[in-house]
Amino acid sequence: MFLDYKPTWMVSKITQLTAADLREQGIKAILTDLDNTLIVWDNPTGTAELHAWIKQMQASGIPVVVVSNNKATRIKRAVSSMGLPFIARALKPLSIGIRRAKVQLNLSSQELVMVGDQLLTDMIAANHSHVRTILVRPLIETDAWNTRINRFFEKFLMRRLMRRYPELQWKERLDG
């Protein structure tokens, strides 16, 4: 049961990921959640650091695709300045959106990684798709009402995961 929630890696924020580290793991594309992973509600177009990171990934040939439960209009408004493709209405924790991204990119599960800030949506959807996962800390502490419910349960799950899998530690970068 806990394997459904278990991230492969835990990194503080998405911009700590490097193309070299991803390639070393055989990863050719990044799937990412939108809210509190890539952007925050009070800076919907992203930070300068995020824009620089996206350009680095694109220059390195590693596409970044947003896989979000949000409506297409909401995602398009948020990522239009970044030029990122997206999958809307991903229905996470179901694996539908991740499977659509996989087909769109024409890559295998082993060549993808899902980055997200929630165990109950992002990690479950990716794990059920056999895609490796990176849990990041939420960019800010405020959430929508439905996410606050998830966060309540995630506190307990995270404690259990950390006890059961002591190798799960917050890191500054990916490791084997």
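Of the 176 residues of the protein chain, 49% count as buried, where buried means under 20% relative accessible area, exposed means over 50%, and partly exposed lies in between (1.4 Å probe, protein chains only). This is a predicted model, in which local features need pLDDT of at least 70, side-chain atom pairs count only at pLDDT 80 or more, and totals for chains, interfaces and linings use all residues. Residues are numbered from 1 along each chain as its sequence is written, and side-chain values use heavy atoms, with hydrogens and water left out.

**Overall build**

- The protein chain has six helices and six strands; helices (H or I, at least four residues) and strands (E, at least two) are DSSP runs, numbered from the N terminus.
- Read from the N terminus, the order of elements is β-α-β-α-β-α-β-α-β-α-β-α.
- The radius of gyration is 15 Å, close to the 16 Å that the globule rule gives for 176 residues, so the chain is as compact as a globular protein of that length.
- For that comparison, the radius of gyration is taken over C-alpha atoms, and the globule rule is 2.2 Å times the number of residues to the power 0.38.
- Along the principal axes, the C-alpha atoms fill a box of roughly 40 × 35 × 30 Å.

- Patches are made of residues with over 30% relative accessible area and no salt bridge; like charges are joined within 9 Å, and nonpolar side chains (Val, Leu, Ile, Met, Phe, Trp, Tyr) within 5 Å.
- Lys155, Arg159, Arg160, Arg163 and Arg164 form a positive surface patch.
- The place of a charge is taken as NZ of Lys, CZ of Arg, CG of Asp or CD of Glu.
- Arginine 159 sits in helix H6 (residues 145–164) and is partly exposed, with a relative accessible area of 47%.
- A nonpolar surface patch consists of Phe152, Phe153 and Phe156, which together have about 320 Å² of accessible area; accessible areas come from the Shrake-Rupley method with a 1.4 Å probe, and for residues only the protein chains shown count as cover.
- Phenylalanine 153 belongs to helix H6 and is partly exposed at a relative accessible area of 44%.
- Phenylalanine 156 is also found in helix H6, and its relative accessible area of 43% makes it partly exposed.
- Between phenylalanine 153 and leucine 119 there are 34 residues of separation in sequence and 9.4 Å in space, C-alpha to C-alpha.

**The loop between E4 and H4**

- Proline 93 lies in the loop between strand E4 (86–87) and helix H4 (96–105).
- The peptide bond that joins lysine 92 and proline 93 is cis, with omega at about 25°.
- Arginine 89 is in the loop between E4 and H4, and its phi is near 50°, a positive value in a residue other than glycine.
- Leucine 91, found in the loop between E4 and H4, has a positive phi of about 60° although it is not a glycine.
- Arginine 89 is partly exposed at 48% relative accessible area, and leucine 91 counts as partly exposed at 44% relative accessibility.

**Salt bridges**

- Side chains of opposite charge can pair when their charged atoms come close.
- The whole structure holds seven salt bridges, a salt bridge being a side-chain nitrogen of Lys or Arg within 4 Å of a carboxyl oxygen of Asp or Glu.
- One of them pairs lysine 6 with glutamate 167, whose closest N and O atoms are 3.6 Å apart.
- This pair links distant parts of the chain, with lysine 6 in the segment before strand E1 (9–10) and glutamate 167 in the segment after H6, 161 residues apart.
- Glutamate 167 is partly exposed, with a relative accessible area of 48%.
- Lysine 13 and glutamate 49 meet through their side chains in a salt bridge (3.3 Å, N to O).
- Lysine 13 lies in the loop between E1 and helix H1 (19–24) and glutamate 49 in helix H2 (residues 48–59), so the pair ties together parts that are 36 residues apart in sequence.
- Lysine 13 counts as partly exposed at 33% relative accessibility, as does glutamate 49 with a relative accessible area of 43%.
- Aspartate 21 and arginine 173 form a salt bridge through their side chains (2.3 Å, N to O).
- Here too the pair links distant parts of the chain: aspartate 21 is in helix H1 and arginine 173 in the segment after H6, 152 residues apart.
- Aspartate 21 counts as buried, at 6% relative accessibility.

Conventions:
Lys and Arg count as positive and Asp and Glu as negative; His and the chain ends are not counted.
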